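Reader: I would like to go through this structure feature by feature. Please give the general idea where there is one, then the case at hand.

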Amino acid sequence: MALEKTSDGLDNYAFAVDGIDRFCELPENKNGSDHNSEDGDSNKLAYCVTDIPPWYLCIILGIQHYLTAFGGTIAIPLMLSQGLCLQHDGLTQSHLISTIFFVSGVCTLLQVTFGVRLPILQGGTFALLSPTMALLSMPEWTCPAWTQNASLVNTSSPEFIHVWQSRMQVLQGSIMVGSLFQVLVGFSGLIGLFMRFIGPLTIAPTISLIGLSLFDSAGMNAGHHWGISATTTCLIVIFSQYLRHIAIPFPTYSKAKKFHTTRIYIFQFLPVLLGITLSWLICYLLTIYNVLPSDPDKYGYLARTDIKGDVMGRAPWFRFPYPGQWGVPTVSLAGVLGILAGVISSMIESVGDYHACARLSGAPPPPRHAINRGIGIEGIGCLLAGAWGTGNGTTSYSENIGALGITKVGSRMVIVCTGFVMIIMGMFGKIGAIFTTIPTPVIGGMFLVMFGVIMAAGVSSLQYTDMNSSRNIFIFGFSMFTGLAIPNWITKNPTSIATGVVELDHVIQVLLTTSMFVGGFFGFLLDNTIPGTKRERGIIAWKKAHQNESDNTLESDDVYGLPFGINSCLSSLTWTKYVPFCPTPKVSRQNDTPCSLDSLDTKTESNKGDTHIIAGVAL
């Protein structure tokens, strides 16, 4: 077994098994350049984007993708429950978790089938969390004091139901209206125009401030028991950073070798799940031995695992989420404008995710029509998320893109199975109820890691710019500082904005308390007005890394064409070239390059390399 790395720097340790020769090359190697055998092996996939693995492998890998998205998916409803006054209503929290899993599964199927058609998972987005929390922190939506006291909350009372449902309804309406903008930008092809003016110096403060603006919530959750939260954080860090190169032997079976052991790098692709599970177990042991206090007023009480013990009994076995389950959505102009800031950020991030996913799944770079469809379908996904009442939208999950490089399985059929798994899990009420029993300090420890990574991901965009330039240093520093200072001052002085028009006051307050909007606005304004060369601004390197054009080869058409015969019907129509989200007519070539993407060939040989993949995810 050899340790490997992909050409883009991603670790590929999980399934580097000797003797497996059933691989296809990634598109970067199609120029025929010579590489040594080690580099060649690290650039190969077991299954590529158009391949269909055996059904059992699709199910196993689909469950693994579900587990990979677990941390980010449940973090959003648990965070929203604070703004929705649901801290002491575990049953409703479980319904929110089930709903977001269900909608994420539906949106994943839409994206893989009709959207960009890459193996990319859809789920909740932290980009909408910042404007959402800003809206819920306004004086008119601040939670009443009695909802913070568990002894005063009657979760079945009409008064309490009205308190949280009225807040959810305004979130639903704002998200649904804001998502129409994303649908328009995607299907009209305007995303290309947007990307001309948005560079790394706009993206870096926008993404970074998503994580930084949530530091207060992470600290508040972790502060209920710093020992437990620190344990969770340390476990996740140890698993993801220190032990990721450690292989654990697992028993496997194959016809050729019979029963034998395979070494799997399990810590690399499930660090969050393992960290939460172990901390959860520690809290359970401390609870049954009465080490943690049983008095709600004492420090450490929220680390107990029996606080929401009745949720499991009250939660139904089967519950089908449906649109409008929390009531008729209402619309807030301030909420819509705040959501728009998050939607723009999400679109920019998704375009980069599409290219990364194509690179890791053995597909050619996505053409414009595929990107336009992908953004449009994400807008429809946000519309569905608003209608169903997740309190959030949907976006592409970067974590699962990384899992493609780890498992070396880039088949989109696996993601289709993941979508069905998420839908099924979302319909089992007991599944969501289990997640609500995670102690608050454990969630806080997870937030400390996740929000820190989000912040660092934004800063990493600066690698394309010349940070020796005083111009760039000023733009980034000023954008970051104002993105923290202005929202902090507005939050502490909510009555300072008084234009005489109540609706306008609400709009200004939501926008100025949304850190990512303030920082992104100044980054966009300064980067496009202060003189600087394209190389200095990072535009050249950025466009090179996120090239929006690819040749309309037959291979590209196989990957990004529409399914069910739609593509062949449209190929005979000349007017489709004027529709931004439709594939242009095929261009057949007599002299194809020698590397016409082996990754797209149909695999008919025996699946002798499946054993090592199954062993890596069957836990």
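**Reading the model**

Author: The protein has 27 helices and six strands. The model is a predicted one.

Reader: What percentage of the residues in the protein is buried?

Author: Of the 619 residues, 57% are buried. The protein exposes about 25,700 Å², and carbon and sulfur atoms supply 64% of that area. As for contacts between residues at least 6 apart in sequence, 81% join residues at least 24 apart.

Reader: Which residues have the most contacts inside the largest nonpolar core?

Author: The general idea is that in soluble globular proteins, nonpolar side chains tend to be buried together. Here the largest nonpolar core has 109 residues, and Leu 118, Phe 126 and Phe 451 have the most contacts inside it. Helix 14 (residues 333-360) gives the largest share of this core, 11 residues.

Reader: Now the disulfides. How many does the structure hold?

Author: In general, a disulfide is a covalent bond between the sulfur atoms of two cysteines. This structure holds one. The partners are Cys 85 and Cys 143, with their sulfur atoms 2.1 Å apart. The angle about the S-S bond is -95°, and the link of Cys 85 and Cys 143 is left-handed.

Reader: Which parts does the pair tie together?

Author: Cys 85 lies in the loop between helix 3 (70-83) and helix 4, and Cys 143 in the loop between helix 5 and helix 6, so the pair ties together parts that are 58 residues apart in sequence.

Reader: Is Cys 85 buried or exposed?

Author: Cys 85 counts as buried because its relative accessibility is 1%. Cys 143 also counts as buried, at 18% relative accessibility. Cys 417 is in no disulfide; the nearest cysteine sulfur belongs to Cys 58 and is 4.5 Å away. Cys 417 is buried, with a relative accessible area of 18%.

Reader: Which residues does Val 163 touch, not counting residues up to four places away in sequence?

Author: Val 163 touches Cys 85, Pro 144, Trp 146 and Thr 147 on that count. Val 163 lies in helix 6 (residues 158-188). Val 163 and Cys 85 are 78 residues apart in sequence, yet their C-alpha atoms are 7.5 Å apart in space. Val 163 is buried, with a relative accessible area of 9%.

Reader: On to helices. Why does the span of helix 20 agree with its number of residues?

Author: Helix 20 (residues 470-492) has 23 residues, which at 1.5 Å a residue should span 33 Å; because its end C-alpha atoms are 33 Å apart, the two agree.

Reader: And the sides of a helix?

Author: An α-helix has 3.6 residues a turn, so residues three or four places apart point the same way. In helix 20, the buried residues are Arg 471, Asn 472, Ile 475, Phe 476, Ser 479, Met 480, Thr 482, Gly 483, Pro 487 and Ile 490. They pack against helix 8 (200-212), helix 19 (440-459), helix 21 (502-512), helix 22 (515-529) and helix 23 (534-537). At the start of helix 20, a side-chain oxygen of Ser 469 comes to within 3.2 Å of the backbone nitrogen of Arg 471.

Reader: How many residues of helix 5 are buried?

Author: Eight of the eight residues of helix 5 (residues 129-136) are buried. Among them are Pro 131 and Met 133.

Reader: Where does Thr 113 lie?

Author: Thr 113 lies in helix 4 (residues 90-114). A polar atom of the Thr 113 side chain is 2.7 Å from the backbone oxygen of Leu 109. Beyond its neighbours within four places in sequence, Thr 113 is in contact with Pro 563 and Phe 564. Thr 113 counts as buried, at 18% relative accessibility.

Reader: Last, backbone angles. What is the phi of Arg 117?

Author: Arg 117 has a positive phi of about 70°, although it is not a glycine. Arg 117 sits in the loop between helix 4 and strand 3 (122-123), and at 10% relative accessibility Arg 117 counts as buried. Asn 290, not a glycine either, has a positive phi of about 55°. Asn 290 is in the loop between helix 12 (271-288) and helix 13 (309-314), and Asn 290 is exposed, with a relative accessible area of 58%.

Technical notes: Residues numbered from 1 in each chain as written. Predicted model: local features only at pLDDT ≥ 70, side-chain atom pairs only at ≥ 80, totals over all residues. Heavy atoms only, no water. Helix = DSSP H or I, 4+ residues; strand = E, 2+ residues; numbered from the N terminus. Buried < 20%, exposed > 50% of the residue type's maximum accessible area, 1.4 Å probe, protein only. Contact = heavy atoms within 4.5 Å. Expected span 1.5 Å × (residues − 1). Polar contact = N/O pair within 3.5 Å; in protein donor to acceptor, adjacent residues only side chain to side chain. Disulfide = S-S within 2.5 Å. Areas by Shrake-Rupley, 256 points an atom, 1.4 Å probe, with all protein chains shown as cover. Core = buried A, V, L, I, M, F, W, Y, C linked by side-chain atoms within 4.5 Å.
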